[in-house]
Amino acid sequence: MTNHERRPGGVRTAARLVWHYLELVIAAALGMVLLDPLWISVLEVARFDVYLLLMAAGMAAGVALWMLVRRHAWPRIAEMSLAVFLPFPVLLVPFWLGVLPAGPVTLIGHVIPMALLAAAMIWRRAEYADPRHRFRFRGRWLRGTAVVLAALLLPGAVSAVNTVGKFGDLYTARADAVTVRPAPKEHDPAKPTVALLAGGSGTNVADLLGPYEVLAGTGRVNTYVVSPGSRPAPLTGGLDLVPDLTFGGLARLLSDRNDKLDAMVVPAMDDPGPAELGSITRWLREQSAAGAVAMSVCNGARTLAASGLLDGRPATSHWLRMAGLRDDFPRVGWVTGVRYVDDGNLITTAGVLSGIDGALRVLERLVDPGTAREAARRVHWRHYSPGASTRIPASELQPPDVVVALNSSYQPGPSSIGIRVAGGIGELELASAFISYTEHAMVGRTVALGDGPFRSRHGLTFVPRSTVAAAADGLDRLLVPGLDAARAKAVDGVAGLRPEYLHTEEEFAFDPVLRDIARTYDVQTARWTAKTLEYPVAGVGLSGSAWPWPATIVLLVLVLLGGSAAVVARLVVRRIRTRH
């Protein structure tokens with residue numbers, strides 16, 4: 001190596017510095033991303049300041065490790081690691097004094113270390129531009145890496161297409177512009193009034209319909225589904241609900257009856273746009289200021305937090321959402337391992353089916369404990385704890401949970417599922433069919449099939465997307481939810497499909513669905529589904545294949561095909577070169 005090449009300055013030196021800098025930035029980012037699950041899931045770090053310091057340590061560890069790979073001396077490694085770590089504890093001082101909020105601390109804390117890295121590299125540019133610190137791949141490493149990447153390319157592409165498609169279909173709006181009026185409801189000013197939110201871009205079907213059936217089934221509560229607009233609201237998995245009232249319609253109704261709103265339920269909503277989110281959060285603040293109790297279900301806590309109502313208050317949500325919620329709303333005292341948190345005028349519940357316990361708590365407060373106990377018995381909810389929240393497992397991702405990735409990526413079927421719907425069906429029966437196979441098990445896509453608009457058991461209006469005859473050719477299964485439908489056996493087979501009745505006896509609506517997933521697909525997928533529903537499966541009776549072997553085999557075949565193609569291509573290229 002010549003002296004000219006080692007002398008600081010020049011285009012080559014600048015290029016080496018820039019490239020080295022980018023490597024260290026990527027190393028810091030990887031250290032943060034890879035160690036975050038340890039702080040959040042394993043150590044369950046909840047305090048913002050502690051988490052920030054651990055995150056900074058992860059970034060510094062990434063930088064130090066990569067500098068070791070680059071064969072830098074220990075003084076330089078220590079120097080750069082401190083440049084990454086120290087800005088964070090310094091910035092926490094004004095945070096502890098109340099001068100800087102969490103958001104600016106996080107933002108500035110990420111900018112300053114990057115600037116310090118650049119400054120240190122420029123100051124010691126002879127060190128960092130020295131070719132001796134270059135990381136060199138050996139030729140066989142490059143060839144081996146190319147084969148591995150090619151082997152992963154095909155399964156990766158298939159996974160991306162299938163996963164994006166399945167998640168994209170969860171809340172797809174219907175293509176036609178239907179106009180259906182909701183079924184009228186009687187309003188009794190002597191009863192408490194509860195409004196459940198439905199977003200125009202999509203709403204979690206179980207978060208909404210579970211609490212709705214618990215509340216409306218008592219006959220002791222005026223229960224309405226409200227939305228910013230009047231169009232049918234898409235629910236999980238291809239089910240469309242006609243809201244009972246808009247925000248304005250509810251205000252007029254309550255004004256005409258000289259009544260007020262007592263409680264509002266906020267389910268998880270699918271990424272409402274800025275205008276819709278602004279309308280919803282403004283409405284939540286207005287109703288809360290007027291005295292209404294606000295209850296969130298699962299990731300509905302995100303919407304409630306966006307309104308500012310949870311600032312400085314304890315709250316809970318789905319265990320999978322906690323990391324993002326803590327990052328985005330550090331002023332909220334997020335807790336895990338409980339069914340719900342009751343904090344006066346705010347009730348927040350954990351994942352999905354915990355909304356049933358939240359609704360029972362609302363009944364205890366607005367009506368009486370006896371009504372709540374009877375409501376739990378009516379829907380066969382075995383986990384009701386009168387007067388207090390119960391502890392639940394603080395779940396975290398574990399190796400067996402990879403089944404959801406296998407299913408979303410490579411599940412060969414039966415994956416296209418028609419759900420035959422009709423009037424009189426229970427709301428929980430509907431929810432169990434549309435959410436379990438899609439958002440949780442990820443084994444397929446569902447679509448609501450029927451002969452026209454229908455009314456559920458407690459007065460909600462739904463609009464199917466197709467008829468059975470029109471959709472039958474593209475279906476793998478035809479499922480019929482609802483105990484009444486199973487007793488009537490009124491659905492005929494079509495196009496070689498026989499109707500499969502989900503609910504055949506008196507039990508909690510999700511139990512037979514979980515058994516069907518275990519029997520048709522595999523037990524581990526059913527367990528993952530229950531885990532994300534936050535529903536204990538002890539006593540449910542799951543039986544079937546232990547693992548999604550068909551999806552696993554598809555993955556292995558794709559890897560072998562990709563690797564074989566890479567090896568063959570390499571041999572062909574080598575032969576061409578030897579001939580020339």
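In helix 10 (residues 247–256), the buried residues are Phe-247, Gly-249, Leu-250, Leu-253 and Leu-254. Buried means under 20% relative accessible area, exposed over 50%, and partly exposed in between, with a 1.4 Å probe and protein chains only. Because these buried residues fall within an arc of 160° when seen down the axis of helix 10, they line one face of the helix; the arc is that of the directions from the helix axis to the C-beta atoms. Helices (H or I, at least four residues) and strands (E, at least two) are DSSP runs, numbered from the N terminus.

This is a predicted model, in which local features need pLDDT of at least 70 and side-chain atom pairs count only at pLDDT 80 or more, while totals for chains, interfaces and linings use all residues. Residues are numbered from 1 along each chain as its sequence is written, and side-chain values use heavy atoms, with hydrogens and water left out.

The buried residues of helix 10 pack against strand 1 (193–197), strand 2 (222–227), strand 5 (245–246) and helix 11 (274–289), where contact means heavy atoms within 4.5 Å. On the face of helix 10 turned away from its buried side lie the exposed residues Arg-252, Ser-255 and Asp-256. After helix 10 comes Asn-258, which has a positive phi, near 55°.

Elsewhere, helix 14 (residues 354–366) gives the most to the lining of the second largest cavity, with four residues. By class, that lining has four nonpolar, one polar and three charged residues; Ala, Val, Leu, Ile, Met, Phe, Trp, Tyr, Cys and Pro count as nonpolar, Asp, Glu, Lys and Arg as charged, and the others, Gly among them, as polar.
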